Amino acid sequence: MTNFLRIIKRMSRPLHRGFSGGGRLSGNIQDFLEDSQMKFKPEKEELDKNRLSPDVISSWNPFQSVLSINSPSKQSVPEKYFAVHDPFSPVSSRKRYKLTLFLLKLSLFVIVILALTGSFWWTISLTSASRSHTFHGYRRLQEQLVSDLWDIGELSLGSSRIKESEFCSLEFEDHVPCFNITENLELGLTEGQEQDRHCGPTSKQNCLVLAPSGYKIPHRWPTGRDVIWIDNVKINAQEVLSSGSLTKRMMLLDDDQISFSFASSMVDDSIEDYSHQIAEMIGLRNESYLVPAGVRTVLDIGCGFGSLGAHFFQNQLLTMCIANYESSGSQVEITLERGLPAMVASFSAKKLPFPSLSFDMVHSAWDGISWNHKDGIHLIEVDRVLRPGGYFVWTSPIANTRASVKNKDNLKKWDFVRNFAKDLCWELLSQQDKTVVWKKPSNKDCYASRSQGPSVCKVGHDVESPYYHPLETCIGGTHSRRWIPIEKRPKWPSRATLSSKELAVHGVLSDDLVEDDLNWKSAVRNYWSLLSPLIFSDHPKRPGIEDPVPPYNMVRNVLDMNAHFGGFNSALLEAGKSVWVMNVVPTSGPNHLPLIVDRGFLGVLHDWCEAFPTYPRTYDLVHAEGLLSLETAKQRRCSILDLFFEIDRLLRPEGWVILRDTASLIETTRTITARLKWEARVVEIESNSDEKLLVCQKPYMKRRSYPS
């Protein structure tokens, strides 16, 4: 049987060159089994109907799928067939049918006995083997079995059984699963909880999300930072022209495009002047001195359309925008469309999916958050993600003391925020008009000397990397070994290479990180040469002529689905690529997210059986190394097909996917790409015969526009 499986596998394996819609057929084993049962049923009915006919009975044999049957007549037997004598010809049809069933049952019984015996001796032999070797061998066998089953099923189904995925309806065009406000309200969730993330069985969408009818490929960076196509996002002219936050007023509507600018001539309060003001309130000359002061990563709550982050980016500051889900005029969707970091997040009732002590600065301007509600629990969450010595910048009409005197309600809110910040041991550095800057303490002595305020979390409750845990009323992060003030941390870009002392906190050796970074530098050089449509065509080339290297700004938004130490992010930056990377650490694997954020990168925890908190069509490149092995090694509540549907949702038209994993898993998952209508090609890895690359590109498909 093993040799038979290998023969079928070789027959079904296509050539790697020019793989574009060809090769292995799509489908799944369940469809194959159901189809086989449907085919067998009419055959059995036909047999029962005609079993009294000696001619029909003599021509039927349960083994005819393997052996070609010929009666012992005068006909010659071809050499390529086996001649099998029919022993049942003189027997009645009923006895013959019973005897056939008896032989089938006997065969199954013998197979089961042999399997159990082999399993017993195999189990005994494992006692002398190492655990890691056993797991590795078992997983390889499991992967091989899955691959063989796919091959058998696809070979049997034939080209007529290729099953392509359906397109989603119009309502999913800009939908983010797990953020259904209407459904949450129907469940009785109120007081901001309806904005929170709630993933359930109904949140899965096994269909392909089409781009809007007017969708256009985004401009490349840095042009795309300042100009976006209005049809690429869900927003109307009124929302563009309305004044929400300060950063929302930083744009102009021009025909089919939205233009963003930092020029102070546009409005009274420009982003450039505002960021300069923040630096001065901290005690710096201007925003270019923020990095030398220890600031690298910024969390922008209610970021408008990302203009502060766009301006900060010019000064080597990396800003993560978070905002609630919005069905139209989304801050997150437009920020991502501009090529800036953003994700949907609400902390009305749950903690943010970031480790404690992740950001050097937290900024919030005109956010609409009621900071005085729930005994200041939202300010406690800000304190948790803020590093020691970090800054909280808050801009709000409530902070305008002169105006608040005339409004008792605002004055009451301001008094609460000011006093609660003092209870958190924050130092009020400066206050100018509507903007206030606080500084988190660099040491923990203040917490013990307070007479009032929230208590410090106990060790059991101080979870360093919570995954949407309920908000706590205690101060978190104080027990972390990563409590290092920002002024004592290495400044960017030196921070990307942590010292051996800092790595020891994460349980990582310095040599391991150095080796990981070297491997990723080599991988990025190879990856970048693959980001070209030429990879999917066998175009003629003259000897010695290489393919043109894609430009440095080929992609902008990058999602690393299994980030490990953040080495892919580090290698891309060192290679001079104009990218930012969302480093995702799966909840099913080792948690290196604290190490990633300590290197000055952005990252988040995520369960890949759930939808990622972002809008459709937001990433140019999706990368995953070892994710398929990680997800298939455990008992999961989702399938690999579910994972690929989610990747397709996140990917922009003409976006790229690079997967690196075991050869058997890559060969197996390649069949799924045909269902998704992706161009796909398997690439051999010269230095590692056990692994392969799957390089894919999503086609440019959009919804048809119909005349009104």
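**Backbone, sheet, salt bridges and cavities**

Modeller: P222 is placed in the loop between helix 6 (181–186) and helix 7 (223–226). The model is a predicted one.

Biologist: Is the peptide bond from W221 to P222 cis or trans?

Modeller: That bond is cis, with omega near 5°. A cis peptide bond also joins W492 and P493, where omega is about 10°.

Biologist: And where does P493 lie?

Modeller: P493 is in the loop between helix 15 and helix 16. As background, most peptide bonds are trans, and most residues other than glycine have a negative phi.

Biologist: On phi, then: what is the value for Q316?

Modeller: Phi of Q316 is near 65°, which is positive although the residue is not glycine. Q316 belongs to the loop between helix 10 (307–313) and strand 5. L357, also not a glycine, has a positive phi of about 60°, and its place is in the loop between strand 6 and strand 7.

Biologist: Is L357 buried or exposed?

Modeller: L357 is buried, because its relative accessible area is 0%. Q316 has a relative accessible area of 45%, so it counts as partly exposed.

Biologist: How many bridges join strand 4 to strand 5?

Modeller: Five bridges join strand 4 (residues 297–301) to strand 5 (residues 318–323), and the two strands run parallel. For L299, the bridge partner in strand 5 is M320.

Biologist: Next topic: how many salt bridges are there?

Modeller: The count comes to 29 salt bridges. One of them joins R495 and D360, with the closest N and O atoms 3.2 Å apart. This pair links distant parts of the chain, 135 residues apart: R495 is in the loop between helix 15 (445–449) and helix 16 (500–505), while D360 is in strand 7 (residues 359–365). Both residues, R495 and D360, are buried.

Biologist: What does R482 pair with?

Modeller: R482 forms a salt bridge with E464, the closest N and O atoms being 3.0 Å apart. Both R482 and E464 lie in the loop between helix 15 and helix 16, so the pair ties together parts that are 18 residues apart in sequence. R482 is buried at a relative accessible area of 2%, whereas E464 is partly exposed at 28%.

Biologist: Which residues are linked in a network of salt bridges?

Modeller: The network links D360, R387, E464, R482, R489, R495, E502 and D598.

Biologist: And what about D517 and R599?

Modeller: Their side chains meet in a salt bridge, 3.1 Å from N to O. D517 lies in helix 17 (residues 510–530) and R599 in the loop between helix 19 (593–598) and strand 13 (602–606), so the pair ties together parts that are 82 residues apart in sequence. D517 and R599 are both buried.

Biologist: Finally, cavities. How many of 30 Å³ or more are found?

Modeller: A search of the whole structure finds 11, and the largest cavity holds about 170 Å³ of space.

Biologist: What lines the largest cavity?

Modeller: Its lining has 13 residues, of which K204, Q205, A611, D642 and E646 lie nearest the centre. By class, the lining comprises five nonpolar, three polar and five charged residues.

Methods. Residues are numbered from 1 along each chain as its sequence is written. This is a predicted model: local features need pLDDT of at least 70, side-chain atom pairs count only at pLDDT 80 or more; totals for chains, interfaces and linings use all residues. Side-chain values use heavy atoms; hydrogens and water are left out. On a 1 Å grid over the protein atoms alone, a cavity is a set of points where a 1.4 Å probe fits but cannot get out, and a pocket is an open set with protein on both sides within 12 Å along at least five of seven lines; lining residues have an atom within 4 Å of a point. Grid points are joined across faces, edges and corners, and a volume is the space filled by probe spheres set on the points. Ala, Val, Leu, Ile, Met, Phe, Trp, Tyr, Cys and Pro count as nonpolar, Asp, Glu, Lys and Arg as charged, and the others, Gly among them, as polar. A salt bridge is a side-chain nitrogen of Lys or Arg within 4 Å of a carboxyl oxygen of Asp or Glu. Helices (H or I, at least four residues) and strands (E, at least two) are DSSP runs, numbered from the N terminus. Buried means under 20% relative accessible area, exposed over 50%, partly exposed in between (1.4 Å probe, protein chains only). Two strands pair if DSSP finds at least two bridges between them.
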